[in-house]
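Visitor: I have a structure here and would like to walk through it with you. Could we begin with the charged side chains?

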Amino acid sequence: DRVATLLENGPAQVVSFFAALKLCAVQVPVNTAYKGDFLRHQLADSGSKVIVVQGDFAGRVAPIAGPEVPELGAAIVVGPPDEVIDAVPTHDWDRLLASSSDELVPDAGVRPADLACFIYTAGTTGPSKGCMLPHNYIVALADQIAAISPPPELAGDWPEFVDMNRSLANDPSGEELRNASPESMQRFGEISTRVSEYMAQVCGL
């Protein structure tokens with residue numbers, strides 16, 4: 001199944017990403033600038049069954065959920081929604097986390113070549129096209145990130161960020177991720193957000 005996320009950089013995006021990969025689902029991160037036909041196309045083209053959406057973006061999903069995106073069966077809303085999504089069942093992110101069990105999720109038997117995510121093109125010359133990335137690509141990318149020397153602005157966070165990435169890159173079975181505490185995932189999300197914000201600033205985004 002495909003799991004779309006319409007989220008700004010933050011803990012919810014990190015948790016959603018790794019949770020989808022752990023379940024052997026396909027993660028579909030959606031550009032947070034998308035709405036209307038652009039958003040409809042990406043959700044329909046990817047065949048997303050669920051979307052995890054930030055509350056203040058819910059108003060973009062509400063008008064297109066339903067017959068126009070027939071595969072979409074549910075929405076998980078992070079934070080207070082700016083509009084109610086009533087065409088599909090909706091769930092509150094915080095309530096789902098609060099009601100979750102400490103029982104480990106059974107191993108889905110993920111293999112290196114299995115599809116991990118769709119990354120869509122910008123769509124400047126036509127409808128966005130999804131690039132299919134396998135799990136081994138994600139692991140190799142994490143290992144490369146871990147080898148980068150830190151910029152001064154991130155010197156305080158970098159050692160921990162590197163350790164986290166190396167742990168994930170060297171843990172193809174997902175054992176470490178399965179045993180990670182909510183506090184560790186929260187910390188990884190916070191550090192990843194700061195790294196993402198720095199990279200966006202450097203790139204002028």
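Guide: Happy to! R40 and D37 meet through their side chains in a salt bridge, at 2.1 Å from N to O. A salt bridge here is a side-chain nitrogen of Lys or Arg within 4 Å of a carboxyl oxygen of Asp or Glu. The model is predicted, so to speak of local features a pLDDT of at least 70 is needed, side-chain atom pairs count only at pLDDT 80 or more, and totals for chains, interfaces and linings use all residues. Residues are numbered from 1 along each chain as its sequence is written, and side-chain values use heavy atoms, with hydrogens and water left out.

Visitor: Which helix holds both R40 and D37?

Guide: The two residues are 3 apart, about one turn of the helix. Helices are DSSP runs of H or I with at least four residues, strands are runs of E with at least two, and both are numbered from the N terminus. The helix that spans residues 36–46 and holds the pair is α2.

Visitor: Is D37 buried or exposed?

Guide: Buried means under 20% relative accessible area, exposed means over 50%, and partly exposed is in between, with a 1.4 Å probe and protein chains only. D37 has a relative accessible area of 58%, so this residue is exposed.

Visitor: Which residues are linked in a network of salt bridges?

Guide: R40 also meets E68 in a salt bridge, at 2.4 Å from N to O. E68 lies in the loop between α3 (58–61) and β4 (74–78) while R40 is in helix α2, so this pair ties together parts that are 28 residues apart in sequence. E68 is partly exposed, because its relative accessibility is 42%. The network joins D37, R40 and E68.

Visitor: How many salt bridges does the structure hold, and which residue does K49 meet in one?

Guide: The structure holds 4 salt bridges. In the one with K49, N and O are 3.2 Å apart. The pair links distant parts of the chain, 48 residues apart, with K49 in strand β3 (residues 48–54) and its partner in the segment before β1. That partner is D1.

Visitor: Which residues gather in a patch of negative charge on the surface?

Guide: Patches are made of residues with over 30% relative accessible area and no salt bridge, and like charges are joined within 9 Å. One member, E8, is found in the loop between β1 (2–6) and α1 (11–22). E8 is partly exposed, with a relative accessible area of 45%. The patch consists of E8, D56, D82, E83 and D86.

Visitor: What is the phi of C24?

Guide: Most residues other than glycine have a negative phi. C24 is found in the loop between α1 and β2 (26–29), and is partly exposed at 29% relative accessibility. Although C24 is not a glycine, its phi is positive, at about 65 degrees.

Technical notes: Patch = residues over 30% accessible without salt bridge, like charges linked within 9 Å, V, L, I, M, F, W, Y side chains within 5 Å. Areas by Shrake-Rupley, 256 points an atom, 1.4 Å probe, with all protein chains shown as cover. Lys, Arg positive; Asp, Glu negative; His and termini not counted. Charge placed at Lys NZ, Arg CZ, Asp CG, Glu CD.
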